[in-house]
Amino acid sequence: MTDYLGSYATLGLLLLAAVLFFVTAFSANRLLRPGRPADPWGKRAGYECGIDPVGGDWAQMQIRYYVYAYLYVLFAVEAVFLFPWALVFARPGFGATTVVEMAVFVAVVALGILYAWRKNVLRWA
């Protein structure tokens, strides 16, 4: 029982330290900041680089960039699943089960690629 409550005591001390750090940081910020911050001319302008903005703020982005980024993330996640699978596959007793599970996973991903290809999503131009 002592070990069980000891873990809560550790968690409580960590939370107390976090709260103390938070309060100390914000108190130091309040004490050290200037009383009347400077407000020079043009400080609140949209661009502070000295060049006036030209044109509107509307810029249209093509959806294909997001689709390619999504497909990249999809295949990166697939690669993350393939590496642990390769390690488990080498252990005795996991042969047929892991092959079937990975075949189902790769088939689902392949169907997604086939669907994207048939819808001409993968065409750049």
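How much accessible surface does the protein have, and what share of it belongs to carbon and sulfur atoms? The accessible surface is about 11700 Å², and carbon and sulfur atoms account for 70% of it. Areas follow the Shrake-Rupley method with a 1.4 Å probe; for residues, only the protein chains shown count as cover.

1. Basis. This is a predicted model: local features need pLDDT of at least 70, side-chain atom pairs count only at pLDDT 80 or more, and totals for chains, interfaces and linings use all residues. Residues are numbered from 1 along each chain as its sequence is written, and side-chain values use heavy atoms, with hydrogens and water left out.

2. Fold. The protein has 3 helices and 0 strands. Its pattern along the sequence is α-α-α. Helices (H or I, at least four residues) and strands (E, at least two) are DSSP runs, numbered from the N terminus.

3. Burial. Of the 125 residues, 5% are buried. Buried means under 20% relative accessible area, exposed over 50%, partly exposed in between (1.4 Å probe, protein chains only).

4. Helix pair. Helix 2 and helix 3 pack at about 170 degrees, their axes 11 Å apart. Helix 2 is therefore roughly antiparallel to helix 3. Axes are lines fitted to C-alpha atoms, for helices over the stretch in contact, and angles run from 0 to 180 degrees between N-to-C directions. Angles under 35 degrees count as roughly parallel, over 145 as roughly antiparallel, 65 to 115 as roughly perpendicular and the rest as oblique.

5. Contacts. On the helix 2 side, the residues include Phe81 and Trp85. Helix 3 brings Met102 and Phe105, among others. Contact means heavy atoms within 4.5 Å.

6. Phe75. This residue lies in helix 2. Phe75 counts as partly exposed because its relative accessibility is 34%.
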